[in-house]
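Work through the exercises below with the structure open. Each task is followed by a solution in steps.

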Amino acid sequence: MRCRGLYKNEGKGSSDAFGKLVESYKVPDGKSKEQVWQAIFNEMNFDENPRVVSINRQLLSIAASVILVIGLAFYTVLFGFGNVEVLVPRGYQLVHFLPDSSEVILNADTRLIYNKNRWLLQRDVELSGEAVFKVKKGSKFRVKTHNAQVSVLGTIFNVYSRKGLTAVRCIEGKVKVVAIESKMEVLLTKGLETKTMGYAMEKSVQTSNGEQKVAWTKGDFYFNNTSINAVIEEIERQFDVDVFIDGDTNRYYTGYFSNRNLDEALQMVCIPMDFEWTTTGKMIILKEKNK
C-alpha cells in the first residue's frame, strides 16, 4: 500500500526521492535495473485484479448454490411429498373428495393414489379396484390403471380394475379410454362401456341397464351371465369373508345380492346355483347339493 501511495503522487519532489531510493537499492547479481522495475510493476498490477475476479467467482458460486438448493427444495416439495393413498379394506365402501372437490365413491378392496401438491398442475389418480368418479369441470382429469388410461374434463364414470381387466362405463358426459399396451382408444358417451385386457380392447357397447351398473354404490350388486368366481369374489369383498367352492366353478350366474346381510346374500346366490353352504367364522364353504 505504501508503494501505491508513492506511485500515485505526481509531485516532483516525491518523484526525485523515489528515484534516489530505487537507485540506492543494490541490484541482485545477474539482473538489470529494468528487470527489477518490471518485477515491481508486475507485482503491483497483480495485487488488485485477481482479488476482483476471485470475489466475482465466489459470488457466482454462492448464487448458483442458493438457486440449486431452492430448486431442489421446490422439486422435493412438489414431487417428493404430498402423495395421498386411500385404501378401502374388504367389507367397507368410502366416499372421498379430491383437492378440487371432485367426488370418488370407492368400492371395497380398492386403492386410490394421487399427489395433492401437484393437483393444480395435473389432475392424475391411480386406481386399483373399483370406483365411481364425479369430476368437477376443469383441466384434464386422468385415471390410470395397470393397463388403461381414462381421460375426461368433467363427467361421471365408473372404473373397474381387477386381475388384469379394466372396464370403464360412462354415466354422464364423455370419456376417452386408451389401452396402454396396444394404444387403442375408445370414446364413450352416456350409457356406453368398454373393457380392455392386455392388447385386446372391446369396442364400446350399450349397457343393458345403466342404473344397475352403478347400484353397487348403494350396496346392490347385479350380475348378468357372470362367472360364479367373480360373483363369489364380490361377496368376499363386501362381507370380508373367505369363500371356497367344492364343485364346478365353470358356471355363470344371473341375479342380484345386497351387501346388507351375508345370509341373505348367500341365499340369493347359492339357491339358484344349487349350492349348500356351511359357515365357520369368516370361512364359508359352498358345495353342490348333488355331490
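The model is predicted, so local features need pLDDT of at least 70 and side-chain atom pairs count only at pLDDT 80 or more, while totals for chains, interfaces and linings use all residues. Residues are numbered from 1 along each chain as its sequence is written, and side-chain values use heavy atoms, with hydrogens and water left out.

**Exercise 1.** Give the strand order of the open sheet that contains β16, β18 and β19, and explain why one side of β16 and of β18 lacks a neighbour.

Step 1. The order of the three strands is β16-β19-β18, and the pairing is mixed. Strands are DSSP runs of E with at least two residues, and helices are runs of H or I with at least four, numbered from the N terminus. Two strands pair if DSSP finds at least two bridges between them.

Step 2. β16 (242-246) and β18 (275-280) are the edge strands; each has a single partner strand, so one side of each has no neighbour in the sheet. From one strand to the next, the twist averages 20°.

Step 3. Five bridges join β16 and β19 in the parallel sense.

Step 4. Helix α6 (residues 228-239) lies across β16, β18 and β19, at about 155° to β16. Helix α7 (residues 262-270) lies across β18 and β19, at about 155° to β18. Angles run from 0 to 180 degrees between N-to-C directions, with axes fitted to C-alpha atoms, for helices over the stretch in contact; contact means heavy atoms within 4.5 Å.

**Exercise 2.** Which residues form a nonpolar patch on the surface?

Step 1. The patch consists of Phe244, Met283 and Ile285, with about 260 Å² of accessible area together. Areas come from the Shrake-Rupley method with a 1.4 Å probe.

Step 2. Met283 belongs to strand β19 (residues 283-288). Met283 counts as partly exposed because its relative accessibility is 37%; buried means under 20%, exposed over 50%, and partly exposed in between.

Step 3. Ile285 in β19 is the bridge partner of Phe244.

**Exercise 3.** How many of the twelve residues of β5 are buried, and which strands pair with β5?

Step 1. Nine of the twelve residues of β5 (residues 123-134) are buried.

Step 2. β5 pairs antiparallel with β3 (residues 103-106) over four bridges, where Ile105 has Val132 as its bridge partner.

Step 3. β4 (residues 110-115) also runs antiparallel to β5, with four bridges.

Step 4. β6 (residues 141-144) pairs with β5 in the parallel sense over four bridges; Asp124 stands opposite Arg142.

Step 5. β8 (residues 156-162) pairs antiparallel with β5 over six bridges.

Notes
Patches are made of residues with over 30% relative accessible area and no salt bridge: like charges are joined within 9 Å, nonpolar side chains (Val, Leu, Ile, Met, Phe, Trp, Tyr) within 5 Å. A salt bridge is a side-chain nitrogen of Lys or Arg within 4 Å of a carboxyl oxygen of Asp or Glu. Buried means under 20% relative accessible area, exposed over 50%, partly exposed in between (1.4 Å probe, protein chains only).
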